[in-house]
Amino acid sequence: MLQLFYMFRRSPKKWKNFNALSDIIEENVLKPTRSQGTRWIGHRQVALKALNRNYKSLRMVFEDLGSELREDMDGVGSAKMKGYIKELKTHKFVMFLAAYLDLTQELAMLSKSFQADDLPISSVRANVEVTSISLRGYLEQPGPHLQHVETELVVEPEKTLYREVELSSIGDADVQKFHADLRKTVQRVLDCIEERFSSFSEDEVLLATDIFDPTNIPRNDKDALAQYGTREVTVLADHFKDVLDHQGCDITQLQREWLKLKLEIARNHSGEGFLSLWRRVISEKGNKFPNIIHLVEIVLVMPVATSQVERQFSTIKRILGDWRLKLGVKMNEVLLRICSDGPEPDDFVPKRSVARWYAKSIVGRRPDCTQLSNKQNTPDRDVDNR
């Protein structure tokens with residue numbers, strides 16, 4: 001995939017020929033993209049989708065570029081094109097391409113779920129479990145892309161066609177080896193996921209944070225609601241005891257305030273999202289639960305994913321362009337806060353900001369004018385007003 005990306009990127013002429021051939025067969029193609037990038041799952045998924053969609057057109061363009069009639073291709077380039085054609089026409093390539101698409105699709109959905117700003121810890125475990133269950137299903141039966149390939153294969157007595165491309169012959173032993181290798185690959189992916197996220201299903205403190213997810217709070221069962229989260233509050237209080245004592249939290253009042261808080265949520269905040277609920281409780285009702293709120297705030301700032309930090313790096317990269325190399329650290333921090341936490345441009349009302357800038361900014365940076373309210377009407381202004 002990386003070689004395809006560089007081949008069409010470095011040769012606009014080849015890309016032009018590719019588009020021309022795709023127009024002949026009336027097929028919309030995607031430009032091959034770089035499979036190696038910072039978002040390794042996302043980059044690979046996009047590159048695989050382009051390769052899968054362009055399969056028929058790629059075969060045609062490689063045959064054209066590898067033809068002996070092409071005078072603009074030397075022997076080395078022609079041999080390379082023929083090698084690409086040979087690879088594209090193998091059963092192994094077609095089946096592994098589909099299997100790779102299935103794996104990256106599951107991993108991409110898991111990765112995307114971690115990019116949400118309002119991601120509770122309980123959702124991490126749930127998303128990991130969903131992905132693991134889906135991947136385990138691939139140990140028993142093919143994924144959707146691989147099933148689609150198997151239905152598109154046209155097996156004839158003397159040849160096998162896939163998207164009107166004749167594939168090289170393949171035996172039953174080769175098919176069995178492919179499925180065995182695929183199961184090993186899927187199992188390795190499962191082992192990596194379980195090892196990487198094992199703490200979310202085994203760590204007692206992380207498991208205890210589930211009580212602050214409003215979707216887990218019982219609504220109609222008073223007995224279940226009374227017992228809900230009592231042990232978990234004790235676990236969290238013991239683990240963060242030093243921090244709570246430093247903040248002046250009365251640990252003896254945690255259980256009583258937790259009972260009041262979960263009753264308040266069950267009665268008046270059913271259906272609210274994780275982040276919106278706790279934002280509202282802390283800002284509007286924090287004085288009613290002064291001690292348990294300390295525990296809630298600790299859980300809210302526990303780092304779940306690095307997506308927010310990575311977005312900050314991307315924002316800094318946009319701010320520090322070729323024309324802004326002399327910005328200081330303080331100004332960079334201010335601009336970063338505006339971009340990350342400020343309102344949307346359509347919702348921003350600049351009047352107060354302009355007034356503050358005019359009143360407190362350095363005199364040399366102000367325009368050579370006075371406030372409109374202090375100006376006397378001139379004849380020209382009177383004419384304009386009329």
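What radius of gyration does the chain have, and what would a compact globule of 386 residues have? The chain has 31 Å, whereas such a globule would have a value near 21 Å; the radius is taken over C-alpha atoms, and the globule rule is 2.2 Å times the number of residues to the power 0.38. Along the principal axes, the C-alpha atoms fill a box of roughly 80 × 80 × 40 Å.

This is a predicted model, in which local features need pLDDT of at least 70 and side-chain atom pairs count only at pLDDT 80 or more, while totals for chains, interfaces and linings use all residues. Residues are numbered from 1 along each chain as its sequence is written, and side-chain values use heavy atoms, without hydrogens and water.

The chain has 21 helices and three strands, taken as DSSP runs (H or I, at least four residues, for helices; E, at least two, for strands) numbered from the N terminus. Of its 386 residues, 36% count as buried, meaning under 20% relative accessible area with a 1.4 Å probe, protein chains only.

The structure holds nine aromatic pairs. Rings of Phe, Tyr and Trp (its six-membered ring) pair if their centres lie within 6.5 Å; planes under 30 degrees apart are stacked, over 60 edge-to-face, and the rest tilted. Phenylalanine 62 and tyrosine 84 make a tilted pair, 5.1 Å centre to centre with 35 degrees between the planes. Phenylalanine 62 belongs to helix H4 (residues 55–65) and tyrosine 84 to helix H5 (residues 75–88), so the pair ties together parts 22 residues apart in sequence. Phenylalanine 62 is buried at 2% relative accessibility, and tyrosine 84 is buried at 17%.

Conventions
Buried < 20%, exposed > 50% of the residue type's maximum accessible area, 1.4 Å probe, protein only.
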